[in-house]
Each structure stands twice: as structure tokens, then as C-alpha cells.
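Reader: I would like to go through this model with you and ask, term by term, what lies behind the words used for it. Could we begin once it is in view?

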Amino acid sequence: MRVLAIYTGGLPGKNIVEQLQHYFELQLVATVDIHLFSSITGGDVPYSLSSDLTQYIYDHYNDYDGFVVIHSIDNVIYSANLTAFQFSNLGKPIVFTGATLSEDFFSFPGHFSNTEQSMYREMSLRTSLVTAVQLATQNTSDVSITYGSRIVKAVRAWENFTTYNELDLASIRFGIEVTTAARPRNDQPPILRLGFDTNVYMVPRQPEVIIPTPNTYRAILMYAHQDRALPSQFNMPTDTPVFLLGGLGHQKLPNNVFALPPVTPVTALSKLMVGCKHFPTTPELVDYMQHNINGEGGIV
Amino acid sequence: MNIYLVNNAPTNIVSLLQHKNVNIWSRTTGLPSVITGFSWNALERVDAIILEISYPSDELHYILAQAIVLQRPTLCLYPKNREPREMLLHLQKPSVPKSVVARSYTTTTISEVIGKFLHSIDHTVQLDQTPNIKFTLRLTPAISHYLTWLTEFKNVNKADYLRQLLKDTAEKDNDYQKLM
């Protein structure tokens with residue numbers, strides 16, 4: 001099998017390709033090609049990285065059996081979710097992975113030497129890469145995230161890389177074992193839905209919530225940390241569609257407010273950003289958002 | 001001692017390890033309950049890994065790759081008459097750490113091969129007590145005469161006498177005992 005490893009950032013050092021070649025030399029399950037795509041520190045990763053990445057994978061889709069994206073641990077859930085929704089009907093796995101320690105994890109003076117930091121980061125990256133490459137050869141066609149020993153779908157990735165409302169995509173016990181949550185590979189060409197609209201306002205549904213200039217956005221996403229009704233004095237936008245995430249009880253909603261099925265806030269935001277770009281009318285956007293929310297049911 | 005075992009070959013390595021009094025973690029014996037449900041790699045909790053490499057599988061490739069990265073003591077076993085050439089070439093690469101070793105076996109030597117590996121990690125594991133290593137010893141007529149007389153006098157055979165003599169010497173040899 002052939003796997004393309006795309007490096008986007010997260011490793012200190014200059015000879016990244018050489019370093020990765022050395023790691024991949026020890027892989028038996030696949031031939032791994034390496035592409036140095038960018039070198040961005042986690043906190044600085046922009047949304048646009050995922051579009052560039054999606055286009056690059058699409059261009060090389062037929063040349064490989066699976067893709068591994070080496071990404072800094074910070075912001076990876078955003079990049080992976082946006083990538084997942086820019087592909088529709090994906091037939092091969094795309095695995096986001098990297099060192100399990102973020103760049104600033106060890107920045108406590110005197111606690112860890114530079115050598116120790118480098119050693120810990122390298123070890124965690126190498127063990128994650130073994131997992132990622134093997135996962136990229138398995139019978140799954142999901143966009144997934146694996147750091148350390150957890151393997152989760154991007155569209156269900158929750159805090160600390162646990163899975164929201166579903167089984168993990170795969171587990172590591174006797175090697176990698178994909179679970180029933182994995183979508184099998186397919187030979188159909190993927191549908192590219194490249195690009196997104198960032199003119200989306202995301203706000204927690206908290207007491208006394210205020211949205212400044214509510215009618216200037218393409219869409220608004222409100223998420224709740226617990227089941228709760230909308231505040232009665234809420235300055236609801238009149239034209240902009242508002243998508244609500246989280247329990248609502250039996251509250252009657254205004255015409256431009258739409259409830260979403262359960263999903264993580266990052267997944268809802270990513271899908272909304274892609275939807276706002278590709279579905280110009282509100283009914284189309286609402287239909288896109290309310291059906292197949294995780295994109296796990298095939299064509300989104 | 002906890003041993004992670006991957007064995008898809010017909011050779012019964014589990015029963016051999018059971019005789020060595022070690023805990024075996026494998027697909028057939030299962031993992032300890034403490035591991036189930038936790039999200040860390042079981043390999044971090046084993047003392048050594050034994051892989052039968054003549055029957056490749058996804059699990060084997062994954063565990064071997066992780067063993068190399070984690071530099072865990074690993075014994076890669078293959079039958080003398082079924083050499084996995086590609087895998088052995090891979091294991092000869094300079095980047096493979098010394099903690100990963102490959103050894104051939106036959107049905108008569110496998111116990112000894114495993115015993116030596118376990119003993120190299122934990123000296124409390126007894127080496128095989130079966131005297132199955134052949135050794136040709138040439139004696140002078142005088143020594144042979146003495147040995148014949150001695151073994152008849154003590155009513156033991158020559159081989160048993162010489163083995164016991166070496167065993168006693170090894171036990172009293174402080175330099176050797178320090179090494180062990």
C-alpha cells in the first residue's frame with residue numbers, strides 16, 4: 001500500500017523531511033512518501049490551511065491508498081473538521097496526527113532540559129506515526145485524528161480526543177482494530193466542496209447573551225452547555241439564520257431559528273462555514289445543516 | 001515478568017512461556033483487565049515482547065514498529081526452515097535498536113532460545129536445565145584414565161560428573177556470580 005504523509009507543522013528542527021524519512025524507514029505496512037506542505041506552529045494554524053490541504057489531497061487522491069497529515073496538536077480539531085466537510089463521499093482515510101505535546105507544553109523554566117523536551121516530543125510523534133500509517137492502510141474512509149493511543153473521527157472529536165456520542169473510530173489493543181463506527185473504503189471519486197465562509201458568528205447560549213450587529217453575519221451558531229431555553233429578551237436577528245446546538249426543551253422557535261441534531265460545536269461550526277460558502281439560500285443551508293450532520297451518511 | 005506475545009504460527013509458544021512462569025499478554029490469552037478501557041498503549045506496560053515473524057499480520061507489523069520506536073526488549077522468532085527474508089532484511093537496518101533481536105528456532109531449540117532471551121532481561125528466570133548442547137571434549141590418555149576410574153569409583157557416568165563439576169565451579173566463582 002502507498003501512503004502520502006503531509007507535514008504541516010508541529011516539529012522543531014530544520015531537516016524535517018530527512019527526520020521523517022528516518023522514521024518511516026521502519027514501517028513495514030506501507031510505502032510512505034513525504035511532502036513538506038508548510039511549517040506552522042499550532043496556535044498560528046489558519047482556517048485556510050485546511051482548504052490548501054484538501055486541494056492537495058484531492059490532486060493526489062488516485063496515487064495513494066491513504067493520507068497522513070502531520071499537524072501540530074493545537075487547532076488540529078478545526079483543521080480536520082474543515083477538511084472533512086470539504087470532502088464529500090470520501091473513499092480513503094485521511095489521518096491527522098503529530099506529537100502529543102504542544103510546542104509550549106514544556107515551557108516551565110528549569111523543569112525539562114531541551115534534550116528532554118526534544119526526546120519526549122520525538123517519541124510521541126513516532127508512536128503516533130506508527131499508528132497513523134497503519135490506520136491509513138485499514139478499511140476506513142474517515143477523516144480521523146490520532147494522538148497517542150486514541151483514534152477518533154474528526155467529526156466526533158471531543159475534548160482530549162475522546163469521541164462524542166459514538167464509538168472511537170478504532171482502538172489499539174492488539175494492533176489497530178477499527179470499530180463498527182468506521183465507514184468502509186469505496187471506489188467512488190470524492191466530491192470536492194472547496195472553500196468556506198468565515199462570516200459566521202459563534203456564541204454560547206448563556207444568560208444575558210448579546211450578539212453585536214446580528215444582521216451582518218451570513219449565519220449564527222449558538223451552542224449550549226446545558227439544556228436551556230433562549231432568553232426572552234434576546235436580540236434575535238431578523239434576517240440571518242440562527243442554528244441552535246444543544247437541548248431546547250419544547251420552546252417554539254422563531255422562523256429564522258433552526259435546531260441542529262447533537263454534534264460538537266467545532267463540527268457544527270466547520271459544517272456551517274462550508275455550507276455558507278456553497279449554499280447561497282437559507283433553505284438550502286438549513287437542509288445541508290439539518291441532515292447527515294456529521295457527514296457520516298455518505299454524500300453531504 | 002509481563003510478556004506481550006504475537007504468534008500466528010502453529011508453534012505453541014504460550015505453553016513454553018507458561019513453563020517459564022511469566023505473565024502472557026496476547027490475542028489468545030487476553031490483556032489484563034486493568035488495560036481494557038484505558039487509552040494507553042499496552043506495550044508501555046510489558047517487560048518484553050516476543051513475536052513469531054514467519055506469519056505476518058497487521059498486528060505483528062504494528063507491534064514490531066512500536067517496539068522499535070519504544071526500544072522495548074523484543075525477540076523476533078522464526079523457524080529455521082521458514083525464513084522471512086524481507087522481515088529479516090528490515091531488522092538488519094542500522095536504525096533498528098539493539099533491543100530488537102531475531103533468532104531462528106527448531107522444535108528442539110525453541111525453549112532454549114526463549115529461555116536465553118528471558119534470562120537476558122531477568123536473571124531470576126532460570127535457563128533451561130536440559131543438557132542439550134553438544135560439546136566435543138578431547139582428553140589426554142592420563143586424564144581419560146583418571147576420569148574412568150573416578151566415575152566407576154563414584155558410580156556416576158562421565159558426562160554427569162563433568163556437568164556437576166562445572167556447575168559447582170560456576171556457583172563458587174564470585175566473578176561469574178557478579179556478572180549474573
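Predicted model: local features only at pLDDT ≥ 70, side-chain atom pairs only at ≥ 80, totals over all residues.

Reader: Why is B:T11 called partly exposed?

Author: A residue is buried if 20 or more other C-beta atoms lie within 10 Å of its own, and exposed if 12 or fewer do; B:T11 has 17 C-beta neighbours inside 10 Å, and therefore counts as partly exposed. Across chain B, 23% of the 180 residues count as buried.

Reader: How do you know that chain B is more spread out than a compact globule?

Author: Chain B has 7 helices and 5 strands, and its radius of gyration is 21 Å, whereas the globule rule gives 16 Å for 180 residues; the value is well over the rule, so chain B is more spread out than a compact globule. Taken along the principal axes, the C-alpha atoms of chain B fill a box of roughly 65 × 35 × 30 Å.

Reader: What makes β8(A) and β9(A) a pair of strands?

Author: Two strands pair if DSSP finds at least two bridges between them, and 4 bridges join β8 (residues 170-173) of chain A to β9 (residues 175-178) of chain A, the two running antiparallel. The bridge partner of A:A170 in β9(A) is A:V178, and the strands β8(A) and β9(A) form a hairpin with 1 residue between them.

Reader: Which part of chain B gives the most to the side that touches chain A?

Author: In the contact between the chains, 20 residues of chain B meet 17 residues of chain A, and helix α2 (residues 58-70) of chain B gives the most to the chain B side, with 11 residues. That side divides into 10 nonpolar, 6 polar and 4 charged residues.

Reader: How is chain A divided into domains?

Author: Chain A is divided into domain 1 (2-192) and domain 2 (200-290), and their contact takes 12 residues from domain 1 and 8 residues from domain 2.

Methods:
Residues numbered from 1 in each chain as written. Chains lettered and ligands numbered in written order. Domains from an automatic or database assignment. Contact = placed C-beta atoms within 7 Å. Nonpolar A, V, L, I, M, F, W, Y, C, P; charged D, E, K, R; others polar. Rg over C-alpha atoms; globule rule 2.2 N^0.38 Å.
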